[in-house]
Amino acid sequence: MAWLFIALAIIVVDQLSKYYFDSQLNYAERWTVLPFFDFTLLYNPGAAFSFLADGAGWQRWFFTGVAFVATVLIIQMLRKQPHQTRFCLALSLILGGALGNVIDRLWHAHVIDFLLFYWRDWYFPAFNVADIAITCGAILLILDELIRLRQQKKAKESHASLSK
């Protein structure tokens, strides 16, 4: 299934980029790239925006379990609707990103983050390639649903005008 190759490509790029920065930077070391962007090595034992990062370790297995369930559901949806391009691309992005972060949790007990955007004293939480894929997939999923609803509305209006 072609959609799984997209997810696999995301996992490979994510893991290679994490390996590179984990081996080249010391923890919390920063390489300034632009006045608002640095590469920095940070570890996140929690989820997005360090949600549950202060947990006693149980969150590692909780997030791994959630990702496993999501993986099964996503693969089922990809099999049922392989010709819905936008929908399947969104799911592939989410799947690749989720599994990229699960690999980190299983190997390291935390997710490796290395992209840091900031402006003066304001910092966006550090993130990685997997997080970008998940975010783009979620946005694409919302866009797909909005387009689908708009098409349904047009079809109903067209059907109503033909019925008159």
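Leaving aside neighbours within four places in sequence, Asn101 is in contact (heavy atoms within 4.5 Å) with Asp14, Lys18, Val111, Asn128, Ala130, Asp131 and Ile134. Asn101 is found in helix H3, residues 85–108; helices (H or I, at least four residues) and strands (E, at least two) are DSSP runs, numbered from the N terminus. With a relative accessible area of 6%, Asn101 is buried. Buried means under 20% relative accessible area, exposed over 50%, and partly exposed in between, using a 1.4 Å probe and protein chains only.

This is a predicted model, in which local features need pLDDT of at least 70 and side-chain atom pairs count only at pLDDT 80 or more, while totals for chains, interfaces and linings use all residues. Residues are numbered from 1 along each chain as its sequence is written, and side-chain values use heavy atoms, with hydrogens and water left out.

A search of the whole structure finds 13 aromatic pairs. Rings of Phe, Tyr and Trp (its six-membered ring) pair if their centres lie within 6.5 Å; planes under 30 degrees apart count as stacked, over 60 as edge-to-face and the rest as tilted. Two pairs are listed here.

| Pair | Centre distance | Plane angle | Class |
|---|---|---|---|
| Tyr20 and Trp31 | 6.5 Å | 65° | edge-to-face |
| Tyr27 and Tyr43 | 5.0 Å | 35° | tilted |

Tyr20 lies in helix H1 (residues 2–24) and Trp31 in strand S1 (residues 30–34), so their pair ties together parts 11 residues apart in sequence. Tyr20 is partly exposed at 40% relative accessibility, as is Trp31 at 29%.
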